[in-house]
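My entries follow the structure.

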Amino acid sequence: MPFRMPRRDAPDHPERMTLPPAPGLVSALLVLLVLAVAGAGALGLAGLTPVRPRPPSLPAAGLLAEEVAAGSAAALSLPPATRPPVPLAAALRHQPPLAPRETFGFLPYWTLPSLPTADLQGLTTVAYFGVGIDGAGQAVESGPGWTAYRSAALAQVVSEVHRAGGRVVLTLSCFSQAALDELTTDPAAQATLAATAVHLVAAAGLDGVNLDLEGTGSADRAGLVQLVATVASAVHHVDPAWQVTVDTYGSSATDPGGFFDVPALARVADALVVMAYDMQDPRFPGPTAPLDGPGETDQAVLAQYLAAIPANQVIMGLPLFAVAWPTTGPEAGAAASGPPTYLTDLAVPRQQVYWDPTTQTPWAVIGAGNAVDQIWFDDQASLAAKARAALTAGVRGVALWALGMASPAAEQAAVTGRSTEPLPPPGPRLGTPEPPLVPIAPRAPGPPAAPPTPASPGPSSSTATAGSSASSSTGSSGGSSTGSSSAPPASSEPGRASTAGQSTGGPSGSSIPSVGSSGSGTSEGSSGGGPSSLSGGALVGSGAGLLSGGASP
């Protein structure tokens, strides 16, 4: 679930295939350099577009292109492992491959060299991203992803996660359409990939695979299902407790002509990780993963997936990156005056931050007059709101793309559904006066509430949730997001329900909690943020696999 998932199932509209933040490149040349070094490149790099040089107004560090370049160089220098990691906890060896509540974190090779132990807390599964595969089903045994896979640093992470009762899986990635065509049509390549997956998992002491195979069109649709079935059969034959998950696009559940056949894949994989981000129109600054509002939203994606497959096979991806646009003003809805730039959430300046109650996301403003940058990102409040929405809908859990790109506090808000930060003030919109900026004072968290016993996810909860979510999210619209003048050109993406105008940003009549629009208070409790009793323990059911961090190999 990798970094930012671009909408690659819209091949007729390349302008929608904007660079997902993995990496957000400084230039097309740097992209090619990173890809050449990394083999398959960072997850979601198909359909890259050039990104403008660093504007003077943006922070001095934190652009994803630069983070990936620096992290790749560091990964290439990592010493190899000299001993195997601590094995999986005995209590998990005969358990199902997935925890009752999954908290899934992607660990890319470029953040591995500097990842704080705190970033592992609360996770039931860590997915190391990753090792590339070619069209013959063989691993790309070169570049920083491969070097980091064989490193002592990854072995240490595996030991820490295993000691804390969690799992570590290997992401195998491929973004070459030609290679995917070969993999999905050649039985020999499929058998080779299955053997490669088993070997790589066993050799590093890991606990399964995550398949990040991102293509376009429908030609490979049936073959991809057969490919995943072949890999899953081999992996589960060796160890039934090993995981097999597949990363899919947010639009795939309702796209019969897209690359992923969601119902068929759910029948052969343990779960699907939904890349529910990069939904923004590149011409207009806005959130990469709006919870609600017009156009594509996380709420709509949830409803569509729950109508297609059992809830306990859905893991909702959440973004830990930001997108900056040059604009002519600070107002939401202002048109971009240049291409977007991707940053880590850690790099976002927080001096002037506003809250959009419609989409339930924040944005920061840098500069003044007609020369400003808007940076749309996710903070504790927006991540907690997304997590609560997903868990209220009854899905298996959430996934973070990617570890090391946000503060541990923001990552924990995504894991637990709880935020300790007050909401920023509502921001200006085109045609309305700009409200005064209200400084945001730090606020200490209150005493935690006792976590409730979560309902077991399953097909029955999926059916009920899908019905209610679909009616509240899409029942009144049925229209396409391309109907608005601000929408991108028509593509294979299905229409999204519009709930604009609701002061809380939540759907009318929906049980999915929303964040209040007031600038005071935190993102839950009296501010309308949803249940105040969610905690990390509740997310993982019995608590098995909840990481405490701090262990060493």
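**Helix packing**

I looked up helix H5 (residues 177–185) and helix H6 (residues 187–203): they pack at about 95 degrees, with their axes 5 Å apart. That makes H5 roughly perpendicular to H6 (65 to 115 degrees counts as such). Axes are lines fitted to C-alpha atoms, for helices over the stretch in contact, and angles run from 0 to 180 degrees between N-to-C directions. Helices (H or I, at least four residues) and strands (E, at least two) are DSSP runs, numbered from the N terminus.

I noted that this is a predicted model, where local features need pLDDT of at least 70, side-chain atom pairs count only at pLDDT 80 or more, and totals for chains, interfaces and linings use all residues. Residues are numbered from 1 along each chain as its sequence is written, and side-chain values use heavy atoms, without hydrogens and water.

Next I listed the contacts (heavy atoms within 4.5 Å). Glu182, Leu183, Thr184 and Thr185 of H5 meet Pro187, Ala189, Gln190 and Leu193 of H6.

**Barrel**

I traced 8 strands that close into a barrel, in the order S1-S2-S3-S4-S5-S6-S7-S13, with parallel pairing. Pairing takes at least two DSSP bridges between two strands. The twist averages 25 degrees from one strand to the next.

I then checked S6 (residues 271–275) and S7 (residues 314–319): 3 bridges join them. Val274 has Met316 in S7 as its bridge partner.

**Helices across strands**

I found helix H7 (residues 221–238) lying across S4 (208–213) and S5 (243–249), at about 165 degrees to S4. Val231 touches Leu193, Ala194, Ala197, Val209 and Leu211, leaving aside neighbours within four places in sequence.

Methods
Parallel < 35°, antiparallel > 145°, perpendicular 65-115°, else oblique.
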